[in-house]
Amino acid sequence: MVYPNPRTTGSVSLLFEDGASVRDITINDVSGRTIRQYKGISQNSLTIDNLQSGFYTVIVTNQTTGATTAEKIIIKKR
């Protein structure tokens, strides 16, 4: 889960249901370019800071199962 969405600051938080899994996280901008990557995340939450205004896709891949989840986020800085 990504919250809050949309966001008026440059940070969002991710909360994962399965705290025992290890996952890789990729943040892509609207044109598909990779903005950030996080490898081997095992905690059940992650805060991503300093994003510019725009549309992003958060892609989470479970390293054990290979399952991938994608969610769109919007950053609208004031």
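Which residues does K77 touch, not counting residues up to four places away in sequence? K77 touches T8, T9, G10, L51, Q52 and S53, where contact means heavy atoms within 4.5 Å. This is a predicted model, in which local features need pLDDT of at least 70, side-chain atom pairs count only at pLDDT 80 or more, and totals for chains, interfaces and linings use all residues. Residues are numbered from 1 along each chain as its sequence is written, and side-chain values use heavy atoms, with hydrogens and water left out.

**Overall fold**
- The protein chain has zero helices and seven strands; helices (H or I, at least four residues) and strands (E, at least two) are DSSP runs, numbered from the N terminus.
- From the N terminus, the order of elements is β-β-β-β-β-β-β.
- The radius of gyration is 12 Å, close to the 12 Å of the globule rule for 78 residues, so the protein chain is as compact as a globular protein of that length. The radius is taken over C-alpha atoms, and the rule is 2.2 Å times the number of residues to the power 0.38.
- Along the principal axes, the C-alpha atoms fill a box of roughly 40 × 20 × 15 Å.
- Of contacts with a separation of 6 or more, 50% link residues 24 or more positions apart.

**Surface and charge**
- Of the 78 residues, 35% count as buried. Buried means under 20% relative accessible area, exposed over 50%, and partly exposed in between (1.4 Å probe, protein chains only).
- The accessible surface is about 4800 Å², and 49% of it belongs to carbon and sulfur atoms. Areas come from the Shrake-Rupley method with a 1.4 Å probe; for residues, only the protein chains shown count as cover.
- The 9 positive and 6 negative charges have mean positions 10 Å apart. Lys and Arg count as positive, Asp and Glu as negative; His and the chain ends are not counted. Each charge is placed at NZ of Lys, CZ of Arg, CG of Asp or CD of Glu.

**Strand pairing around β2**
- β1 and β2 run antiparallel, joined by two bridges; strands pair if DSSP finds at least two bridges between them.
- β2 also pairs with β5 (residues 45-48), in the antiparallel sense over four bridges.
- S13 in β2 stands opposite Y3. In β5, the bridge partner of S13 is T47.

- S11 lies in the loop between β1 (2-3) and β2 (12-15).
- S11 is buried, at 18% relative accessible area. Beyond four places in sequence, S11 touches I48 and D49.
- K77 sits in the segment after β7 (68-75) and is partly exposed, at 37% relative accessibility.
- K77 and S11 are 66 residues apart along the chain, and their C-alpha atoms are separated by 10.0 Å.

**N50**
- N50 is in the loop between β5 and β6. N50 is exposed, with a relative accessible area of 61%.
- The phi of N50 is near 60 degrees, a positive value in a residue other than glycine. Most residues other than glycine have a negative phi.

**T61**
- T61 belongs to strand β6 (residues 54-62). Its relative accessible area of 24% makes T61 partly exposed.
- T61 touches V22, R23, D24, G66, A67 and T68, not counting residues up to four places away in sequence.
- T61 and V22 are 39 residues apart in sequence and 8.6 Å apart in space, C-alpha to C-alpha.
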